[in-house]
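Keep the structure open beside you as you read.

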Amino acid sequence: MQLQNGGALAEYAVANEGSTVSRPPELAGLKLDGTGPEVNVLVTAASGGVGQYAVQLLKLANAHITATCGARNIDLVRSLGADEVLDYKTPDGVALKSPSGRKYDVIIHCAHNIPWSTFEANLTSKGKVVDTTPGFGTLMSVAFKKITFAKRQLIPLFTSPNKAEEAWAKSIDGHATGKILVEP
């Protein structure tokens, strides 16, 4: 696939050097060279495309990773580097409770419809939630947190898909494992 403008949903893509970037040295403030202190991180929907990358990158950052996914993907997510894996349909998975009782310094939120109160109950006092699926509620929560000078942060991450609408819709429905292949 030749990469033109925007992104690509492919295992391999040919791109001009000017259209690429190096892996960032940090993810959510965490150094990806393993030199930082151990942090506790939760990745929701860890078997999806974004979640799989997040787990692997966070492992480089010396993170203790708790991840949520469906029961059929637990072994996959564990093989990617997650230290603890929760089935999102179990009571502990719904509550995002770490099996070891850890509070999270960072949550990489790749799922939908989890209320802030669930995150807040599991965050450290200065914990951050990076929301990769922000909606209107997320924006309202961000505004409220800024107004009240809350120590716990909600950080929305926006993307702008403009091609492959069907593939994007399948990805957004929340049940794809890994990346979705788009064939011409």
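Helices (H or I, at least four residues) and strands (E, at least two) are taken here as DSSP runs, numbered from the N terminus. Counted that way, the protein chain has six helices and eight strands. Please bear in mind that you are looking at a predicted model.

Now for the chain as a whole. It has 184 residues, and 36% of them count as buried. The exposed surface comes to about 11,200 Å², with carbon and sulfur atoms supplying 55% of it. Looking at contacts between residues at least 6 apart in sequence, you will find that 50% join residues at least 24 apart.

With that in mind, turn to strand β3, which spans residues 39-43. How many of its five residues are buried? The count is five of five, so to speak a mostly covered strand. Cover is found on both faces: V39, V41 and V43 are buried on one side, while N40 and L42 are buried on the other.

Which strands pair with β3? One partner is β4 (residues 63-69), which runs parallel to β3 over five bridges. Within this pairing, V39 has A63 of β4 as its bridge partner. To get from β3 to β4, the chain passes through helix α1 (residues 49-60), making a right-handed β-α-β crossover. Strand β6 (residues 104-109) also pairs with β3 in the parallel sense, over three bridges. Here V43 has I108 of β6 as its bridge partner.

How values were computed: Residues are numbered from 1 along each chain as its sequence is written. This is a predicted model: local features need pLDDT of at least 70, side-chain atom pairs count only at pLDDT 80 or more; totals for chains, interfaces and linings use all residues. Side-chain values use heavy atoms; hydrogens and water are left out. Buried means under 20% relative accessible area, exposed over 50%, partly exposed in between (1.4 Å probe, protein chains only). Contact means heavy atoms within 4.5 Å. Accessible areas come from the Shrake-Rupley method with a 1.4 Å probe; for residues, only the protein chains shown count as cover. Two strands pair if DSSP finds at least two bridges between them. A crossover is right-handed if, with the strands pointing away from the viewer, the path from the first strand over the helix to the second runs clockwise.
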